Amino acid sequence: MAKIHEALKPIQWLIGTWESVSAKGHFPTIKDFVYSETLKFESLGQPLLNYEARSHNTATGAPMHLESGFLRIKPGTNQLAFMISHNFGLVVLEEGTAKENELELESRSVGRMSFAKDPSVKALRKFYKLNEDGTLEIRTDMETTNTAMTNHLVAVYKRK
């Protein structure tokens, strides 16, 4: 394991592999669903964490979604930038802040491939919280060309 960069102290609680205990999705334009997901935050000794998330259909085990990226912290601050690429053709740059055991991020730019499925994602907001019981809770809100900002995903993870 690489040494953890000093700048990562405000977010080092994220480092490791997390498996969902519960993960639910909903949105006004789709049917509610459940999924399972594994997250990985890895330090390489730089002021950033490598990130990967893989979700699966809970019933069949079939892969659903893959995203990967980098969570960077501005050294000496609690300012964050999270660059994420999704396997369905979306690239998002989120920025925000780290508080004690919490992150708040909001999309600054959203790009998509020209032949991605409509409606297009216009904006995202994410809230990460390390709960007192050691679980990680993530809430994702989304805005599309058809729907105003609303909650889309709520998931709770335990460290593997």
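These legends describe close-up views of one predicted model. Residues are numbered from 1 along each chain as its sequence is written, and side-chain values use heavy atoms, with hydrogens and water left out. In this predicted model, local features need pLDDT of at least 70 and side-chain atom pairs count only at pLDDT 80 or more, while totals for chains, interfaces and linings use all residues.

**View 1. Ten strands form a closed barrel.** The 10 strands close in the order β1-β2-β3-β4-β5-β6-β7-β8-β9-β10. Their pairing is antiparallel. Neighbouring strands of this sheet are turned by 20 degrees against each other on average, direction ignored. The axes behind this angle are lines fitted to C-alpha atoms, for helices over the stretch in contact, and angles run from 0 to 180 degrees between N-to-C directions. Strands are DSSP runs (E, at least two residues), numbered from the N terminus. Two strands pair if DSSP finds at least two bridges between them. Strands of a sheet pair through backbone hydrogen bonds, either parallel or antiparallel.

**View 2. W18 sits in strand β1 and is bridged to β2.** Strand β1 covers residues 16-27 and strand β2 residues 30-43. The two pair in the antiparallel sense over 7 bridges. W18 lies in β1, and its bridge partner in β2 is L39. The C-alpha atoms of W18 and T38 are separated by 5.6 Å. Along the chain, W18 and T38 are 20 residues apart. W18 has a relative accessible area of 0%, so it is buried. Buried means under 20% relative accessible area, exposed over 50%, and partly exposed in between (1.4 Å probe, protein chains only). A polar atom of the W18 side chain lies 2.9 Å from the backbone oxygen of L14.

**View 3. E67 is buried without a salt bridge.** E67 belongs to strand β4, residues 63-73. It is buried yet has no salt bridge. A salt bridge is a side-chain nitrogen of Lys or Arg within 4 Å of a carboxyl oxygen of Asp or Glu. The nearest side chain of opposite charge is K126, 4.1 Å away. For charge, Lys and Arg count as positive and Asp and Glu as negative; His and the chain ends are not counted. The E67 side chain does make a polar contact with the side chain of Y51, at 2.6 Å. Another polar contact, at 3.1 Å, joins the side chains of E67 and H86. A polar contact is a pair of N or O atoms within 3.5 Å; within protein, one must be able to donate a hydrogen and the other to accept it, and residues adjacent in sequence count only if both atoms are side-chain atoms. Leaving aside neighbours within four places in sequence, E67 is in contact (heavy atoms within 4.5 Å) with residues including E52, A53, I84 and S85.

**View 4. R125, R139 and D141 are linked in a network of salt bridges.** The closest N and O atoms of R125 and D141 are 3.4 Å apart. R125 lies in strand β8 (residues 121-130) and D141 in strand β9 (residues 136-144), so this pair ties together parts that are 16 residues apart in sequence. R139 meets D141 at 3.6 Å, N to O. D141 is buried, at 6% relative accessibility. R125 is partly exposed at 30%, and R139 is partly exposed at 36%.

**View 5. D118 and R112 meet in a salt bridge.** Their side chains come to 2.9 Å, N to O. D118 counts as exposed, at 57% relative accessibility. R112 is partly exposed, at 32%. The structure holds 9 salt bridges.

Methods: Helices (H or I, at least four residues) and strands (E, at least two) are DSSP runs, numbered from the N terminus.
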